[in-house]
Amino acid sequence: MACRGGGCSCGPGHLNEDNARFLLLAALLVLYLLGGAAVFSALERAHERQAKQRWEERLANFSRRHNLSREELRGFLRHYEEATEAGVRVDNTRPRWDFTGAFYFVGTVVSTIGFGMTTPATVGGKIFLIFYGLIGCASTILFFNLFLERLITVIACSMKSCHQRQLRRRRALPQHSLKAPGKSAVGGLAGWKPSVYYVMLILCMASVLISCCASAMYTCIEGWSYFDSLYFCFVAFSTIGFGDLVSSQNAMYENQGLYRFANFVFILMGVCCIYSLFNVISILIKQSVNWILRKMGGGCCRQCQRGLPRSRRNLVMPGNISIETDGAMESDTDGQRPSDGQHPSEEVISMKDFLTANKVSLAMLQKQLSESANGCQHQPGTQPRDSEFSGGVGAFAIMNNRLAETSGDR
């Protein structure tokens with residue numbers, strides 16, 4: 001058999017494509033983490049030592065000046081740390097648990113930002129947070145997925161419209177085709193699809209524009225430097241949420257209502273754009289991993305083409321687990337592939353169709369699982385779709401499929 005994408009599924013001694021991709025990505029992530037740890041340690045460790053040394057000198061000077069023992073002073077500072085965790089600050093700050101403060105808190109919970117400057121202290125609050133966050137985070141992820149689907153649709157359709165106008169200016173596309181999209185393939189759009197690089201560029205520009213505008217606002221109102229404001233925007237929009245810088249925490253602001261509304265809008269738009277950008281970058285990472293696999297597996301593929309029986313795809317076989325998904329080949333329907341003559345009761349759930357969660361509806365997912373468990377086959381007449389946007393799981397699949405659907409009228 002021929003191996004696809006540098007992966008092999010020709011026997012127990014070889015890794016199939018999906019497992020090879022997973023292991024390679026895991027190895028690259030470990031190397032990425034090790035490299036990042038080395039860089040941050042080199043950049044920040046010296047500053048940490050200097051800050052600790054300065055603090056010890058100040059503590060010793062204060063203890064001598066006021067004739068206090070070091071133990072008494074440290075005990076007082078521990079009490080202040082406890083007060084800080086409860087939301088007490090030296091400066092005048094807004095109450096943490098009034099309605100506006102609580103609304104800001106639940107916003108950081110459901111968006112998974114989690115700045116950490118406000119946390120529930122009571123047992124009842126912690127128990128409620130578990131159930132509230134479970135439903136809220138899931139609902140927000142659903143909202144982000146739906147936003148991503150519509151954003152990609154708008155971007156792809158806009159790119160297609162611009163491409164049509166370019167062709168029309170070059171007199172390669174009839175004028176009537178702009179009013180009749182169904183005939184666009186005749187005028188030069190056959191085979192055209194929105195480039196993932198242009199989609200990434202548009203999302204990157206939108207994210208940068210929102211971050212720059214938000215940073216200008218934070219610099220004027222919060223008093224941060226512009227660089228710190230940009231840093232806060234990335235930490236907040238990417239939902240990392242360190243909590244070292246948090247907006248809208250002072251007790252009073254000039255035009256306070258307008259500022260808090262603008263802060264909410266900027267964070268919402270920024271999170272949505274960065275979430276979409278991360279998914280586009282995931283496509284590029286996936287393509288890079290596939291390219292590495294093809295380079296690494298070229299020799300193995302030639303050995304696998306000699307007379308070995310073709311293995312079944314998309315099945316989890318009892319006693320011989322083989323899960324294989326093809327990121328570049330996917331059916332247009334939600335049905336299942338034939339089970340190669342195997343009895344339905346002997347076939348376990350098709351992992352390809354189970355994992356390809358390109359439908360948001362729970363009813364569709366339940367139907368998909370039911371049909372897969374019962375060995376339902378593809379509808380006749382369907383053809384596989386080969387696109388750089390096909391494949392993926394969750395939001396990744398939503399974006400891929402939406403790009404493929406809007407890639408041009410075929």
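Figure 1. The predicted model has 11 helices and two strands in its protein chain. From the N terminus, the order of elements is α-α-α-α-α-α-α-α-β-α-α-β-α. The chain holds 410 residues, and 37% of them are buried. Its accessible surface is about 24,700 Å². Carbon and sulfur atoms supply 63% of that area. Among contacts with a separation of 6 or more, 68% join residues 24 or more positions apart.

**Figure 2. Spans annotated as transmembrane region.** The label "transmembrane region" comes from an unreviewed UniProt entry. The entry applies it to residues 22-43, 102-121, 127-148, 196-218, 224-246 and 258-278. Two of these spans are shown here. Residues 196-218 are 100% helix and 0% strand. Their end C-alpha atoms are 32 Å apart. Residues 102-121 are 45% helix, again with 0% strand. Here the end C-alpha atoms are 13 Å apart.

Figure 3. An unreviewed UniProt entry places the feature "coiled-coil region" at residues 45-72. In the model this span is 86% helix and 0% strand. The C-alpha atoms at its ends lie 29 Å apart.

**Figure 4. The largest nonpolar core.** This core has 37 residues. Those with the most contacts inside it are F115, V199, L203, Y218, F232, F237 and I267. Elements giving two or more residues to the core are α4 (123-169), α5 (196-221), α6 (226-237) and α7 (256-296). Helix α7 makes the largest contribution, with 12 residues.

**Figure 5. Surroundings of Y218.** Y218 is one of the core residues with the most contacts inside the core. Leaving aside residues up to four places away in sequence, Y218 touches G223, W224, S229, F232, C233, S247, Y259, N263 and I267. Among these partners, F232 and I267 are also on the list of core residues with the most contacts.

**Figure 6. Helix α3 and its cover.** Helix α3 spans residues 99-110, 12 residues in total. From first C-alpha to last, α3 reaches 16 Å, close to the 16 Å expected at 1.5 Å a residue. Its buried residues are G101, Y104, F105, T108, V109 and V110. An α-helix has 3.6 residues a turn, so residues three or four places apart point the same way. The cover over the buried residues of α3 includes α4 and α7. T112 follows the helix, with a positive phi near 65°.

Note on methods:
Residues numbered from 1 in each chain as written. Predicted model: local features only at pLDDT ≥ 70, side-chain atom pairs only at ≥ 80, totals over all residues. Heavy atoms only, no water. Helix = DSSP H or I, 4+ residues; strand = E, 2+ residues; numbered from the N terminus. Buried < 20%, exposed > 50% of the residue type's maximum accessible area, 1.4 Å probe, protein only. Contact = heavy atoms within 4.5 Å. Areas by Shrake-Rupley, 256 points an atom, 1.4 Å probe, with all protein chains shown as cover. UniProt positions renumbered as here; feature names shortened; annotations may be inferred. Core = buried A, V, L, I, M, F, W, Y, C linked by side-chain atoms within 4.5 Å. Expected span 1.5 Å × (residues − 1).
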